[in-house]
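Let's walk through this structure together, one region at a time. Keep the viewer open as you read.

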Amino acid sequence: MSFEEPQAIRTTCPYCGVGCGVRARRESDGSVQLSGDPEHPSNFGRLCSKGSALPETVGLAGRLLYPKVDGRRMAWDDALGAVADGFTRAIEEHGPDSVAFYCSGQLLTEDYYLANKLMKGFIGSANIDTNSRLCMASAVAGHKRAFGADTVPCTYEDLEEADLVVLVGSNLAWCHPVIYQRIAAAKEKRPEMKIVLIDPRRTMTADIADLHLPIRADGDVALFTGLLAWLDEHDAIDRSYVENHTEGFGDALKAAQPASLERIAMLTGLNAEQLTAFYDLFTRIQKTVTLFSQGVNQSQRGTDKVNAIINYHLATGRIGRPGMGPFSITGQPNAMGGREVGGLANTLAAHMELEDSGHRDRVQRFWHSPRIADKPGLKAVELFQAVADGRIKALWIMATNPADTLPEADLVEQAIKDCPFVVVSDVVNETDTVRHAHVKLPAAAWGEKDGTVTNSERRISRQRPFLPMPGDAQPDWWIIAEVGKRMGFEDAFAYDGPDEIFAEHAALSAFENEGTRDFDIGACAGLDRGGYDALQPFQWPRPKESTSSGQVFVDGGFFTQSGRGRLVPISPSVRREHDPAFPMTLNTGRVRDHWHSMTRTGRSPRLSQHLAEPFVELNPRDAARHGIANADIVRVSSGDGAILVRALLTDRQSPGSVFVPMHWTDQFASNARVDRLVPAVTDPLSGQPASKNAAVRIERFVATTYGFAVLAHKPRNLNAEYWAIARCDEGWRVELGFAYPSGDWRQLARELFDAPAEAELLAYEDHHGGQQRFASFKGSQLTGALYLAAEPVPVSRSWATDQLLRTHEERHARLAVIAGRPGGDVPDRGAIVCTCFGVGANEIARAAAGGCATVEAVGEALQAGTNCGSCRAEIKGIIDANRLQAAE
Ligand SMILES: Nc1nc2c(c(=O)[nH]1)N[C@H]1C(S)=C(S)[C@@H](COP(=O)(O)OP(=O)(O)OC[C@H]3O[C@@H](n4cnc5c(=O)[nH]c(N)nc54)[C@H](O)[C@@H]3O)O[C@H]1N2
Ligand SMILES: Nc1nc2c(c(=O)[nH]1)N[C@H]1C(S)=C(S)[C@@H](COP(=O)(O)OP(=O)(O)OC[C@H]3O[C@@H](n4cnc5c(=O)[nH]c(N)nc54)[C@H](O)[C@@H]3O)O[C@H]1N2
Ligand code: SF4
Ligand SMILES: [Mo]
């Protein structure tokens with residue numbers, strides 16, 4: 001997938017926090033060519049399935065192209081005036097705390113800096129929070145407690161150098177695939193390297209793990225306080241490091257008691273062998289990195305989990321040295337940049353503290369601002385509660401989709417609907433949030449926008465445009481600056497480009513710093529447009545006139561008052577009791593090929609093939625107890641609501657717990673927004689919601705009829721209790737479930753196919769088996785096929801979607817579409833595993849049965865897994881399953 005690159009633009013992938021460098025170019029026919037940037041130090045040319053499919057997501061269909069006020073297209077000047085007026089009026093009538101911004105780690109640093117400057121320095125409220133509250137807030141709070149600053153101590157090289165990598169609450173294989181691949185490659189080179197995975201589910205990441213601990217939800221605090229006690233008992237504490245560089249060790253150790261293996265086993269759901277296996281590895285192996293993600297942060301005790309991890313790293317001195325440290329991996333492309341500019345309601349720009357009057361004074365002097373917020377603002381969950389109860393009169397949402405992704409999503413959506421003035425800046429025309437905005441502002445999208453992002457390892461990289469801005473779209477920084485100017489702050493928001501904002505941000509990081517604050521990129525303070533355009537990826541800190549290596553905490557050097565790293569006393573947690581009416585634990589998260597609310601990945605046929613509908617993963621034992629079979633539709637309900645999703649039975653899932661992905665919204669399914677079920681329980685320190693441990697019950701949804709359709713055009717309406725829609729090549733695929741026997745299936749087919757009454761429908765009806773099938777053609781082209789059955793429709797999805805790509809000249813070819821199964825000469829690919837080359841599970845299984853015993857061999861035979869490599873773990877799973885089958 002490489003291409004001649006002389007005119008390619010070097011930019012950064014807009015998805016995850018790995019921050020891969022990308023080379024992209026727009027061809028004369030408008031198509032986009034793209035490959036990994038071999039020179040970018042985060043990925044050295046690699047890309048995952050999502051990064052590789054970026055060209056499929058940059059089309060203009062569905063884009064928000066013009067400003068709209070109350071549904072009417074407006075000129076920018078009018079729309080910006082409406083926003084400034086709306087906010088100014090609310091502030092005049094109800095004070096600065098009656099307005100709020102809700103931002104996102106998908107904004108660029110420059111956008112984020114300005115939003116924060118406008119709210120905290122000029123409006124004078126700290127009611128600006130971001131989706132990073134749902135993502136990184138516990139890590140931030142934990143870092144501050146331990147280090148006195150929000151410093152991430154590790155780099156990707158540390159992961160490669162480590163002899164032991166502990167992955168906690170991270171599905172790295174799917175969520176940070178390129179880091180996963182870097183670790184997998186390091187392990188292949190040094191097979192003695194050990195990997196431990198701590199996750200209630202046996203995810204694809206377990207593929208590289210030497211030890212998987214299927215911990216009970218939120219058992220982590222007990223596991224890690226137990227580790228601290230064990231290290232003490234086994235003389236594995238680095239006494240001299242503890243003495244010279246830390247404080248609080250004694251109290252932390254005391255709080256960890258009692259820490260008998262029996263007790264830890266009871267609290268974690270693990271057995272003594274599993275515990276000792278892990279504790280023993282950690283005791284023996286010095287060079288250890290603990291990488292953690294949302295299984296840690298998104299918890300009622302998320303901050304405690306973070307500190308329990310940092311505690312054992314401090315106690316063993318395994319921090320600030322190559323191959324060692326606690327590593328909070330970031331989710332969004334610019335989660336880190338958002339923290340740097342003080343995007344959270346309780347922080348100030350450049351890693352300064354809102355609650356420190358000296359810091360407030362300094363920032364105000366630097367900004368020459370008329371005022372500065374003097375108390376922390378509302379954190380995301382509280383912020384939307386304040387919207388709900390009418391305290392917030394004007395709300396501006398930028399680059400995030402809270403109606404889908406905040407807990408108690410139905411209440412959040414209602415609050416947005418009821419808010420007197422809502423502005424949404426987005427790149428798409430219709431999301432579950434955008435649909436309620438009074439003012440819709442079209443933002444420039446990835447590929448069009450220009451600025452910087454900071455990845456998980458504190459590396460700042462440029463995003464550069466290679467596409468023109470379509471319609472009236474404008475970059476977020478420009479939109480914010482124009483509103484700032486119209487609110488009366490002309491001078492403070494007069495910028496000619498993102499380069500000027502970045503230089504100001506860099507200057508603030510160095511302003512009166514003198515080494516007292518971790519975040520210092522003073523070396524960039526004097527950057528001009530040329531320097532900004534040429535900026536190479538670099539790691540902070542990078543103070544002025546320094547040759548800093550970008551390393552932190554070498555020999556201590558923490559940012560606490562004493563300069564010591566602080567161990568925090570944490571007691572092993574007590575299990576939360578669940579309501580007997582909702583006996584199952586709901587765990588939520590991500591899949592390999594979708595991104596959040598799917599506004600981008602949902603446009604890609606390639607990415608939509610891997611998992612094409614919302615699902616619940618459940619253990620076969622739980623399924624049997626509830627009379628649920630594979631592919632049944634399941635109702636998952638909590639005290640807050642209910643959703644309908646497809647059953648996926650797997651022993652990767654522990655009994656008693658189910659997993660539902662966060663991705664499906666009202667745009668893609670009838671009723672699958674999982675945050676509808678998640679209660680607004682938050683960590684008391686960080687305010688981060690506990691998105692991974694809700695109490696639910698499951699039951700089989702009794703469908704009288706199931707349907708599956710492939711369609712050349714997106715249907716206008718879908719009327720079924722259950723539906724889910726996904727892109728496929730040259731069309732759409734739809735899953736259906738009906739609670740009531742409908743009358744007229746033929747009519748339904750016509751509506752779905754958008755076929756006029758006179759158009760011929762090919763039909764097949766088997767009343768005994770309850771099967772009905774319809775197809776319609778335009779010339780030799782299939783326009784729609786609908787398969788209905790009394791049970792989940794047994795038609796190969798990949799085969800059926802392929803029919804949209806074929807011509808069907810002969811009548812028998814058309815009848816084959818109705819027959820709904822591949823002809824003898826066309827093998828069925830099965831569910832698509834390798835999205836880059838469209839290789840299905842059946843093809844891989846056949847290759848495995850035919851003698852391909854390794855992922856490499858399958859790659860040679862089918863190309864599968866040879867581009868981005870994101871599917872390699874799944875290919876290995878199929879090879880292993882084939883081996884087991886052969887052995888039986
Ligand atoms: N494909 C894809 N990649 C993404 C994203 C995406 O949407 N799609 N989003 C990006 C973003 S913003 C983020 S924040 C990251 C998130 O990346 P991850 O945190 O890796 O992803 P999640 O699937 O949210 O959750 C990780 C794991 O936590 C486990 N877990 C749940 N409860 C517990 C627990 O109590 N203890 C432990 N130890 N583990 C638990 C879950 O079973 C799950 O496998 O991914 C980023 N990358
Ligand atoms: N149950 C549950 N809930 C979760 C999570 C979970 O694991 N479980 N994870 C949480 C986490 S970690 C996160 S990060 C959040 C993510 O949740 P969200 O941020 O709400 O999800 P996205 O779909 O990424 O929303 C981004 C929006 O910004 C728009 N957009 C994209 N680029 C731009 C741009 O350049 N400018 C503007 N103005 N708009 C743009 C997109 O079209 C989209 O509408 O979800 C959280 N919610
Ligand atoms: S790992 Fe994939 S999604 Fe993440 S930055 Fe790299 S290419 Fe993008
Ligand atoms: Mo996130």
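A few conventions come first. This is a predicted model, in which local features need pLDDT of at least 70 and side-chain atom pairs count only at pLDDT 80 or more, while totals for chains, interfaces and linings use all residues. Residues are numbered from 1 along each chain as its sequence is written, chains are lettered from A and ligands numbered from 1 in the order in which they are written, and side-chain values use heavy atoms, with hydrogens and water left out.

The protein chain divides into domain 1 (9–57), domain 2 (68–132 + 336–496), domain 3 (136–328), domain 4 (584–700), domain 5 (705–819) and domain 6 (832–887); these bounds come from an automatic or database domain assignment. Between domain 1 and domain 2, the C-alpha centres are 27 Å apart. Their contact (heavy atoms within 4.5 Å) involves 19 residues of domain 1 and 14 residues of domain 2.

Now turn to ligand 1. It has 35 residues around it, with Asp199, Asp220, Ser293, Arg590 and His594 the closest; a residue is near a molecule if one of its heavy atoms lies within 4 Å of it. Where in the domain layout does ligand 1 lie? Domain 3 (136–328) and domain 4 (584–700) both contribute residues to the shell, so ligand 1 lies between them.

A polar backbone atom of Asn171 is 2.8 Å from an oxygen atom of ligand 1, and a backbone N or O atom of Asp218 is 2.7 Å from an oxygen atom of the ligand. From Asn587, a side-chain N or O atom is 2.8 Å from a ligand 1 oxygen. On its own, ligand 1 has 910 Å² of accessible area, and the protein covers 99% of it; such areas come from the Shrake-Rupley method with a 1.4 Å probe, and for residues only the protein chains shown count as cover. Two or more shell residues come from each of α6 (172–175), α13 (294–297) and β23 (584–589), where helices (H or I, at least four residues) and strands (E, at least two) are DSSP runs numbered from the N terminus.

Ligand 2 has 31 residues around it, and Thr405, Asp426, Lys449, Ser597 and Asp675 come nearest. Its shell takes at least three residues from each of domain 2 (68–132 + 336–496) and domain 4 (584–700). A polar side-chain atom of Gln106 is 2.8 Å from an oxygen atom of ligand 2, while a polar backbone atom of Asn401 is 2.8 Å from a ligand oxygen. At Ser425, a polar backbone atom is 3.0 Å from a nitrogen atom of ligand 2. Of the 920 Å² that ligand 2 exposes when taken alone, the protein buries 99%.

Ligand 3 has neighbours that include Cys13, Cys16, Cys20 and Cys48. Helices α1 (49–52) and α7 (177–189) each supply at least two residues of this shell.

Next, look at helix α20 (residues 476–486). Eight of its 11 residues are buried, so the helix is largely enclosed by the rest of the structure; buried means under 20% relative accessible area, exposed over 50%, and partly exposed in between (1.4 Å probe, protein chains only). Among the buried residues are Trp477, Ile479 and Ile480. The elements they pack against include α2 (76–94), α3 (109–123) and β17 (421–426). After α20 comes Gly488, with a positive phi near 105°.

Thr560 sits in the loop between β21 (538–539) and β22 (565–566) and counts as buried at 8% relative accessibility. Its side chain reaches the backbone oxygen of Arg564 at 2.6 Å.

Arg606 belongs to helix α23 (residues 605–608) and, at 17% relative accessibility, counts as buried. Arg606 and Cys836 are 230 residues apart in sequence, yet their C-alpha atoms are 7.1 Å apart in space. Leaving out residues up to four places away in sequence, Arg606 touches Ser52, Ala53, Glu56, Thr835 and Cys836.

Notes:
A polar contact is a pair of N or O atoms within 3.5 Å; within protein, one must be able to donate a hydrogen and the other to accept it, and residues adjacent in sequence count only if both atoms are side-chain atoms.
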